[in-house]
Amino acid sequence: MTETDTPDNPDLEAVQLVVDRVSSWQDGATEGTVAEELRKGFDEVGVEVEPDEVEKLADAIQNEHGDVDAGEVLGW
């Protein structure tokens, strides 16, 4: 998990957990697959993330091939 985890922002913490999980499971997957897995994960944790934000996170996961700081990518 990255440094963005803060107890005062549970939505960001949940988003980061999903991003970390998808990053580790989907290394080398297509961007569409990564975005789909992100959406599924956000549904599972009950956090609403806008479609354009899902795409930004999927792009970051594809481009960075490692730790992605969800708060930084989304500007949260």
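The secondary structure of the protein amounts to four helices and zero strands, where helices (H or I, at least four residues) and strands (E, at least two) are DSSP runs numbered from the N terminus. Along the sequence this reads as the pattern α-α-α-α. The model is a predicted one, in which local features need pLDDT of at least 70 and side-chain atom pairs count only at pLDDT 80 or more, while totals for chains, interfaces and linings use all residues. Residues are numbered from 1 along each chain as its sequence is written, and side-chain values use heavy atoms, with hydrogens and water left out.

Of the 76 residues of the protein, 39% count as buried; buried means under 20% relative accessible area, exposed over 50%, and partly exposed in between, with a 1.4 Å probe and protein chains only. The accessible surface comes to about 4400 Å², and carbon and sulfur atoms hold 45% of that surface (Shrake-Rupley method, 1.4 Å probe). Taking contacts (heavy atoms within 4.5 Å) between residues at least 6 apart in sequence, 51% join residues at least 24 apart.

Helix 1 (residues 10–25) and helix 2 (residues 31–45) have axes that come within 9 Å and cross at roughly 140°. Axes here are lines fitted to C-alpha atoms, for helices over the stretch in contact, and angles run from 0 to 180 degrees between N-to-C directions. The two helices are therefore oblique to each other: angles under 35 degrees count as roughly parallel, over 145 as roughly antiparallel, 65 to 115 as roughly perpendicular and the rest as oblique. Helix 1 passes helix 2 in a right-handed crossing, a crossing being right-handed if the near helix is turned clockwise from the far one by less than a right angle, and left-handed if anticlockwise. Residues of helix 1 including Ala14, Val18 and Val22 meet a set in helix 2 that includes Val34, Leu38 and Phe42.

Helix 2 also pairs with helix 3 (residues 51–64), their axes coming within 9 Å and crossing at roughly 125°. This makes helix 2 oblique to helix 3, and their crossing is right-handed. On the helix 2 side, the residues that meet helix 3 include Val34, Leu38 and Phe42, and among their partners are Val54, Leu57 and Ile61.

Gln16 counts as buried because its relative accessibility is 0%. Its side chain joins that of Asp20 in a polar contact of 2.8 Å, and the side chain of Gln16 also reaches the backbone oxygen of Val68 at 2.8 Å. A polar contact is a pair of N or O atoms within 3.5 Å; within protein, one must be able to donate a hydrogen and the other to accept it, and residues adjacent in sequence count only if both atoms are side-chain atoms.
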